[in-house]
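Visitor: I have a model open and would like to learn how to read it. Please take me through a few features.

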Amino acid sequence: MQGPSAARGRPLSFRHGRSHLWASDVSRLIVASNRTATPGADRSGGLAVALADALTERGGGVWFGWSGEVLDHGSRGVRIFADGDIDFVLADLTRDEHAGYYLGYANDTLWPVFHYRVDLAHFDEAAFEVYAAVNRRFAGLLFQQLRRDDIVWIHDYHFLLFGHELRNNGWRGPIGFFLHIPFPPPEVLAALPQHQRLARALADCDLIGFQTKRDVGNFTRYMTEEHGAEAGEDGHLRAFGRKLRVEAFPIGIDPAEFARLADGAEAREAAGRLGRLIENRALVIGVDRMDYSKGLPQRLEAFGRLLDEHEGLRGRVSLLQIAPPSRENVHAYRELREELDRLAGRVNGDHSDLDWVPIRYLARGYPREQLAGLYRLARVGLVTPLHDGMNLVAKEYVAAQQPEDPGVLILSEFAGAAERMEAALLVNPHDIGGVAGAIRHALEMSLEERIERWQALDAEVRRNDVARWRRSFLDALDTVRAPA
Ligand code: GDG
C-alpha cells in the first residue's frame with residue numbers, strides 16, 4: 001500500500017490522545033495500515049477510496065497508521081483527525097524507528113524475501129527488534145481507541161506482529177489480516193531468521209486473506225510443514241492452538257471510474273500530447289513504481305531484443321515506461337535506477353533516429369487522469385513483474401481500453417493478476433526472447449482476437465472489482481468468531 005498524497009480540502013476537527021474507550025456498543029470497523037489516506041484530502045481512486053468506503057459503509061470507524069512524520073525526539077501519543085464518519089488515528093515514528101522498522105526490516109528484509117529475493121534481503125536482528133517494538137507500540141496506541149464490539153482489519157507486511165500485540169493488550173475481538181504482497185513458498189520463507197515468530201504472531205488473527213490461491217497454498221504448506229498445523233476441508237487451519245480461516249481475496253480496481261477517467265479531458269489532453277509525437281507508430285506502455293520486483297531491466301532488454309531482431313519494427317513502435325522512484329534510501333533502488341538508465345541508453349543509442357526514439361523512460365509520476373489517457377493510447381500494456389501480489393496496473397490498462405478497438409495486455413505469469421486473467425498474453429518475465437515475441441505477437445494481433453481477449457479480461461476486472469474485494473473480506477471476517 002502506498003502513502004497518501006498532499007492534503008487538500010475541508011478543515012478537520014483535531015484532538016490529541018485517548019478517546020471513547022469502551023464507550024459504546026456500536027460495531028465499528030477499525031483499519032490498521034502503515035500509511036492511511038490523507039485525512040481531509042480529496043481521495044482519488046485506488047485503495048484509499050476502497051478502504052474509506054468500507055469504513056463509511058459500516059457507519060464509520062477508525063483508520064490507524066503512521067502519520068508520515070519522522071521525529072528526532074518523538075511525542076509518543078496519537079493525533080486524531082475526525083473526517084466525516086472516519087477517525088484517523090495517526091502516530092509518528094522516531095528517526096530510529098523509521099530506520100529500523102520501515103526502511104530496515106519492512107522494506108529491506110520482508111519485501112525482498114516475500115518477493116522471493118533472499119539475495120537482496122538484509123538480515124539484521126536489531127532491525128527486527130525495532131520492527132517488533134513499533135508493532136507493539138502502535139498496537140498499544142490503537143488498543144486505547146478500541147470499543148468492545150469493534151472488528152479490526154490489519155493490512156500488509158509492515159504489521160505482521162500487530163494482531164498478536166493487540167491480543168497481548170487484551171483484545172479479544174475479531175482480527176482480520178490481509179497481505180497485499182505474495183506469500184513465498186516455505187523453502188524461501190525459512191531463510192528469514194524470525195519466520196517462526198512471525199508465523200506464531202499471525203496465528204493470533206482469525207482471518208488471513210491473500211491475493212491468490214497460490215499464496216494460500218504457500219501459507220498452508222508453510223504452516224503444516226513447519227508448524228504442524230492441520231488444514232481442514234473448509235479453508236480453516238488449526239495452528240498454535242487456534243482456528244484460522246485462510247482464503248484468497250483478489251484485490252481489484254473500480255473499473256467504471258477508470259473508464260470514466262480515460263474518457264475525460266485530462267486523459268485526452270495527455271494522449272493528444274504524446275500522440276502528436278509518436279504519430280502513427282504503435283505505443284507499448286509500462287507503468288510501475290521503480291522497484292526491483294517489477295522486472296524493469298528485463299522489460300527494457302526485451303524491447304531492445306525486439307528491435308535488434310526485427311528491423312522492420314524499427315521506427316514503427318515506441319515503449320513508454322513510467323517509473324516513479326520509490327524508497328530511494330535503500331541501496332538496491334539506487335542500483336536499479338542506474339541499471340535502467342544504462343539499458344535505456346543502450347537501446348536508444350543503438351536504434352534512435354532523427355525523428356524517432358524507441359524508449360521514453362520517465363522516472364517520475366503522472367496524475368491518474370493522465371495515466372488513463374496513456375493506457376488508452378497504447379496498443380500494448382506491458383506488465384511483467386518478476387513477482388507481484390496482484391498488480392493493479394494490469395487491471396487499470398484493461399479498464400481504460402475502448403471496447404471497439406482495445407489494446408493487448410501482456411502479463412507476467414508471476415503477477416497475482418495472472419491467476420484469473422488468462423486471456424492476456426502470459427509470459428515468463430525472465431525469458432527475454434519470449435517477452436520480445438509476445439510484444440511482436442501483440443502488435444500483429446487481429447482486431448477480432450484483440451476484442452475477444454479484451455472482453456474476457458474486462459469481464460474479470462468487473463467481476464472481481466475493489467468493492468467485491470472489501471465486501472467479501474469483511475463478510476468473511478463477520479463470520480469468524482472471536483476467541484473465547
Ligand atoms: C502493492 C502490491 C498489489 C503507478 N505509477 C503512478 C501511479 N501508479 C499507481 C498505479 C497503481 C498503483 O500505483 C500500483 O499498484 P500495483 O498493484 O501495480 O503495485 P504496488 O504499488 O506494488 O502495490 C501489489 C497492491 O499492493 C494492492 O494490493 O496489487 O501486488 O505490490 O494503481 O496506477 N499512480 C499515479 N502516477 C503514477 O505515476 N497517479
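Guide: We start with some ground rules, then look at helices and loops.

Guide: This is a predicted model, so local features need pLDDT of at least 70, side-chain atom pairs count only at pLDDT 80 or more, and totals for chains, interfaces and linings use all residues. Residues are numbered from 1 along each chain as its sequence is written, and side-chain values use heavy atoms, with hydrogens and water left out.

Visitor: How are helices named, and what span should helix α7 have?

Guide: Helices (H or I, at least four residues) and strands (E, at least two) are DSSP runs, numbered from the N terminus. The expected span of a helix is 1.5 Å times one less than its number of residues. Helix α7 covers residues 213-227, which is 15 residues, so it should span 21 Å. Its end C-alpha atoms are 20 Å apart, which agrees.

Visitor: Which residues of α7 are buried?

Guide: Buried means under 20% relative accessible area, exposed over 50%, and partly exposed in between (1.4 Å probe, protein chains only). In α7, the buried residues are Asp 215, Val 216, Asn 218, Phe 219, Tyr 222, Met 223 and His 227. They cover an arc of only 165 degrees around the axis, which puts them on the same side of α7. The arc is that of the directions from the helix axis to the C-beta atoms.

Visitor: Why do residues three or four places apart point the same way?

Guide: An α-helix has 3.6 residues a turn, so residues at that spacing point the same way. Back to α7: the face turned away from its buried side carries the exposed residues Lys 213 and Glu 225.

Visitor: What do the buried residues of α7 pack against?

Guide: They pack against α5 (186-189), α6 (195-202), β8 (207-210), β10 (236-239) and β11 (242-248). Contact means heavy atoms within 4.5 Å.

Visitor: At what angle do α6 and α7 cross?

Guide: Axes are lines fitted to C-alpha atoms, for helices over the stretch in contact, and angles run from 0 to 180 degrees between N-to-C directions. The axes of α6 and α7 come within 12 Å and cross at roughly 110 degrees. That makes α6 roughly perpendicular to α7. Angles under 35 degrees count as roughly parallel, over 145 as roughly antiparallel, 65 to 115 as roughly perpendicular and the rest as oblique. On the α6 side, the contact is made by His 195, Gln 196, Ala 199 and Leu 202. On the α7 side, Phe 219, Tyr 222, Met 223, Glu 226 and His 227 take part.

Visitor: How do α10 and α11 cross?

Guide: The axes of α10 (residues 296-309) and α11 come within 9 Å and cross at roughly 10 degrees. That makes α10 roughly parallel to α11.

Visitor: Which phi values are positive in residues other than glycine?

Guide: Phe 240 has a positive phi of about 50 degrees. This residue lies in the loop between β10 and β11 and is partly exposed, at 30% relative accessible area. For Asn 391, phi is near 95 degrees. Asn 391 sits in the loop between β15 (380-383) and α13 (392-399) and counts as buried, at 6% relative accessibility.

Visitor: Is Ser 326 buried or exposed?

Guide: Ser 326 counts as buried, at 10% relative accessibility. Its place is the loop between β13 (317-322) and α11 (331-351). Leaving aside neighbours within four places in sequence, Ser 326 is in contact with Arg 289, Met 290 and Tyr 333.
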